[in-house]
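The following paragraphs guide a new reader through one structure. They proceed from its overall division to its ligands and then to a pair of helices.

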Amino acid sequence: MSVAPVLSSEAVRAAALAAKFSLVGLAPAAPLDPAPLERWLAAGYAADMSWMARRQPERLDPAVVLPGARTVIALAIAYHRPAAERAAVARYARGRDYHYAHRDRMRALRKRLLALDPTLETYASVDTGVVMEKVWAERAGLGWIGKNGCLINPKLGSWLTLSVMFVDRAVDAYDAPHQRRCGDCALCLDACPTDAFAAPGVVDSRRCISYQSIENQGSVPTELRTSFAGRIFGCDVCQEVCPWNFRPIPEGDARFAPRPLSALSPAEVAALGPDEFDRLASGMALARARYDGLRRNALYAIGGARDRGARAVVERLLDDSAPVIKEAAAWAKARLGDL
Ligand code: B12
Ligand code: SF4
Ligand code: SF4
């Protein structure tokens, strides 16, 4: 029986860095403990992201998606933005859709790996695939899962997007899992505007503004809406307060440089026409919220901040053809009251 050759870990690392990843780490492809995911799902913390409950065997064991998987290559692209940059869009989504950057670079990495061994097989995943990316990143030494639920690297903070590649080859040296370094700090847990942490590191999506502003296409529960003030897509609060994000961190990858849509105010976003939205959102991760989702968020942001300057657009949208917009406009108008 022939034995598959072992890859040089240094060669794999060099290939990932040459493919323009900011961080790379290597972990053995052992199955994951199913308990944390099962508990999270059973508690209802996935809200209506029913896809999180599907294909659990695949999510928990690399060998189910890639027979013979031996190594997990954990990858990150950094997106730290200058402190002076103001936007109502979460930092990771201000520029070009990060999924494209990871896909392009994983393709380049795969090519380089095939040059090392033309017979190897890979499985690559970013975000929507059946892979628990933070857990692998922690195991591969990229950083630790903080109490804020995000992977934190001691040099780059948590301003990272992640992806993972499984390979059916062992490497000659693996990275040690990263130690958790939050200590006694609990700033993120206290700062969350909606009390979305069920426990340290465990997010109840139903209460999370990121979930509500991106994944929920319907109406957002009234008690959460005022927390949209200053936000129309995603939420960075539990990262903004983290001391690991306060040290001098180099500016992230150029593909995260903001696009014009992320510079608009909530009032300007609420006033967008559908064609204008399509043109501006094309190629951005925030297209996921869709036209009505983003306008709805903008109305909640206006109402949350009691933005009087936006009264005209709020009144215009009271007659919008989409029920979710009409209702959000009525809520925002009530918040503006006689101001
Ligand atoms: C579902 C999902 C969400 C959901 C749920 C969030 C969550 N924390 O699970 C929602 C929509 C709310 C969300 C929001 C965001 N997300 Co998201 N999301 C995902 C997705 C698709 C799956 C995550 C998952 O498996 N969740 C289920 C739970 C069970 O998994 P887990 O959190 O990894 O669970 C571990 C911890 O809870 C840990 N744990 C258990 N107990 C304890 C106790 C302590 C003390 C600690 C420290 C840990 C810990 O063990 C668990 C498993 O072993 C991943 C992509 C992917 N495929 O992995 C992106 C991902 C996690 N998201 C990402 C981002 C950027 C965000 C946002 C920052 C976006 C934004 N700015 O609005 C927010 C951050 C919210 C937050 N505080 O976590 C990045 C994270 C990058 C990073 N540095 O960590 C990912 C990896 C996408 C990517 N490819 O880059 N997300
Ligand atoms: S993203 Fe915002 S709402 Fe969600 S857990 Fe963090 S601070 Fe709370
Ligand atoms: S704010 Fe504190 S507790 Fe929260 S992730 Fe950062 S270091 Fe950990």
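**Domains, ligands and a helix pair**

The centres of domain 1 and domain 2, taken over C-alpha atoms, are separated by 28 Å. The contact between them takes 24 residues from domain 1 and 24 residues from domain 2. The model under discussion is a predicted one. In the protein chain, domain 1 covers residues 9–167, while domain 2 is made of two segments, 194–234 and 259–336.

Which atoms of the protein lie 2.7 Å, 2.9 Å and 3.0 Å from atoms of ligand 1? A backbone N or O atom of asparagine 148 is found 2.7 Å from a nitrogen atom of the ligand. A polar backbone atom of cysteine 235 lies 2.9 Å from an oxygen atom of ligand 1. Aspartate 236 places a polar side-chain atom 3.0 Å from a nitrogen atom of ligand 1.

Cys235 is also one of the residues that surround ligand 2. The shell around ligand 2 has nine nonpolar residues, one polar residue and no charged residue.

The final topic is a pair of helices. Two packed helices are described by the angle between their axes and by the distance between those axes. Helix 13 (residues 290–305) and helix 15 (residues 323–336) have axes that come within 8 Å and cross at roughly 10 degrees. Because angles under 35 degrees count as roughly parallel, helix 13 is roughly parallel to helix 15.

On the side of helix 13, the residues that meet helix 15 are Asp292, Arg295, Arg296, Leu299, Tyr300, Gly303 and Gly304. Helix 15 contributes Val324, Ile325, Glu327, Ala328, Ala329, Trp331, Ala332 and Arg335. The contact of helix 13 with helix 15 contains eight nonpolar, two polar and five charged residues.

Definitions and conventions: Residues numbered from 1 in each chain as written. Chains lettered and ligands numbered in written order. Predicted model: local features only at pLDDT ≥ 70, side-chain atom pairs only at ≥ 80, totals over all residues. Heavy atoms only, no water. Axes fitted to C-alpha atoms, helices over the stretch in contact; angles between N-to-C directions. Helix = DSSP H or I, 4+ residues; strand = E, 2+ residues; numbered from the N terminus. Parallel < 35°, antiparallel > 145°, perpendicular 65-115°, else oblique. Contact = heavy atoms within 4.5 Å. Nonpolar A, V, L, I, M, F, W, Y, C, P; charged D, E, K, R; others polar. Polar contact = N/O pair within 3.5 Å; in protein donor to acceptor, adjacent residues only side chain to side chain. Domains from an automatic or database assignment. Near = heavy atom within 4 Å.
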